[in-house]
Amino acid sequence: MAESLINNLPGTRDLLPEELAGWHVVEDCARRIFRQYGFLEIRTPIIESTELFARGIGEDTDIVGKEMYTFQDRGDRSVTLRPEATASVVRAYIQNTLYRESGITKLCYFGPMFRYEKKQKGRWRQFYQIGVEAFGSDHPALDAEIIEMALRLMDSLGVQAKLLINSVGCRKCRTEYTKQLRQILQSELENLCDDCRRRADTNCLRVFDCKIERCRPVIGKLPVIAESLCDECSGHFSSVKTYLDGAGIAYEIAPGLVRGLDYYVRTAFEIVSGDLGAQNAILGGGRYDGLSEVIGGPPVQAIGFAVGLDRLTMVLPEEKRESGMWKPDLFIAYKGDAAFQKALHIARELRRLQQSCYLDFSAGSLKRQMRLANKIDAAHVLIIGDDELARDSYTIKKMEDSSQWEVTLEELAQYLQARGKQGKVR
Ligand code: HAM
């Protein structure tokens, strides 16, 4: 009993400060880049009505069919922990009548998502996404801009990744294509898994999401949507590619890329990394022009993507992760009670002046405190002993080269502030 209380649930984990250093680097970089493109943050609830996801993502998707954390709340409503945020952001966009604003509404979000999936490297039941959604235009240049922004993020983080793009067409061109697909799948039923047999009947595009080996040969032979695009979708896709070419963006056309959510139309894309194994998608997105209407809103054209933070941080270069680690610029070491009181005062003063410092309360010897300062990689140690107390000036030691000199509290504050301005403080 006690053992189960001190273990987290399968597929969830604690993110400790050392690991989070890399997460903060990614989040800060994303916020900075998203702002450059005009995206502002939105926070939606983590719980929503089950119906929102069932309708928005699609009843026949794996997410809705098998992976949602759904429960009845005390008011007898069916509630679901969000498996993704696009449906929620569209709901918020409609509910808050953001469509009345002129121009393109650009929103971004950061937060946990929940899917009851089989645990695997890079796959969690509680995982984190950073996402963006842009509403109000179906211009292919917007598709290209969103993709460019996603790649800027990868580039700024030093992450090597490949862009895959496809067009999944619109409802019009999909009608003919799915008719053809259904016919082929019906003739291959004995070679398909139980799920795909059902999908062949209900939502045959979802067969492309199947991860079961037995279905691979059939999936490999299926015609692809790109060959059945209507003139408008084909023209849209060509323009997106032209804009990407114009921006010097390298991509690979992935005709089998259909994405695992039903709301996509036209542009669909993923960014994958060769360093991740089977779960290689770091980012997925696409256009979803009809989603607003599906959940009861006005017609709205929209496109977005979400990055999987858990996966992106797995391929983050070590020096980037290290750049996010906290290291105190100043460790205050003291000897004796009077020096301790002075150390408390200095720490308070420095923090009031927006400087950070670290003070140990275990009343260890100066030697022990120096050892601790070394261990936590402090850049400087301020030493307060009897002599320093008497002089009311202190010895500061730069750990990098062991140089030391005397400072008053005022000089110390100025020195630390100057380092902060030069960007030397982590
Ligand atoms: P998605 O492809 O389902 O799309 O998820 C986006 C990213 O979230 C994936 O590429 C992956 O990195 C990460 N991810 C998904 N499931 C897991 C998991 N179980 N464990 C770890 N990481 C995971 C969406 O969610 C869409 N809402 C994206 C979007 C936004 N489309 C338009 N706007």
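Predicted model: local features only at pLDDT ≥ 70, side-chain atom pairs only at ≥ 80, totals over all residues.
**Exercise 1.** Find which residues touch the most other members of the largest nonpolar core.

*Solution.* Start with the core itself, which has 55 residues. Within this core, Phe135, Leu181, Leu185 and Phe208 touch the most other members. Next, look at where the core residues come from: helix 5 (residues 86-95) gives the largest share, six residues. Then zoom in on Phe208: leaving out residues up to four places away in sequence, Phe208 touches Tyr177, Leu181, Arg216, Ile219, Leu222, Pro223, Gly256 and Val258. Finally, notice another core lying apart, of 44 residues, with Trp23, Phe39, Ala144 and Ile165 among them.

**Exercise 2.** Decide whether Arg206 is buried or exposed.

*Solution.* First locate Arg206 in the loop between helix 8 (194-202) and helix 9 (216-221). Its relative accessible area is 3%. Buried means under 20%, so Arg206 is buried. To see its surroundings, set aside neighbours within four places in sequence: Arg206 is in contact with residues including Asp60, Arg199, Arg259 and Asp262.

**Exercise 3.** Work out what kind of aromatic pair Phe34 and Phe110 form.

*Solution.* The structure holds 16 aromatic pairs. In this one, the ring centres are 6.4 Å apart and the planes stand at 45 degrees, so the pair is tilted. Now trace the chain: Phe34 sits in helix 2 (residues 17-36) and Phe110 in strand 5 (residues 105-114), 76 residues apart, and the pair links these distant parts. Both Phe34 and Phe110 are buried.

Note on methods
Residues numbered from 1 in each chain as written. Heavy atoms only, no water. Core = buried A, V, L, I, M, F, W, Y, C linked by side-chain atoms within 4.5 Å. Buried < 20%, exposed > 50% of the residue type's maximum accessible area, 1.4 Å probe, protein only. Helix = DSSP H or I, 4+ residues; strand = E, 2+ residues; numbered from the N terminus. Contact = heavy atoms within 4.5 Å. Phe/Tyr/Trp six-rings, centres within 6.5 Å; stacked < 30°, edge-to-face > 60°.
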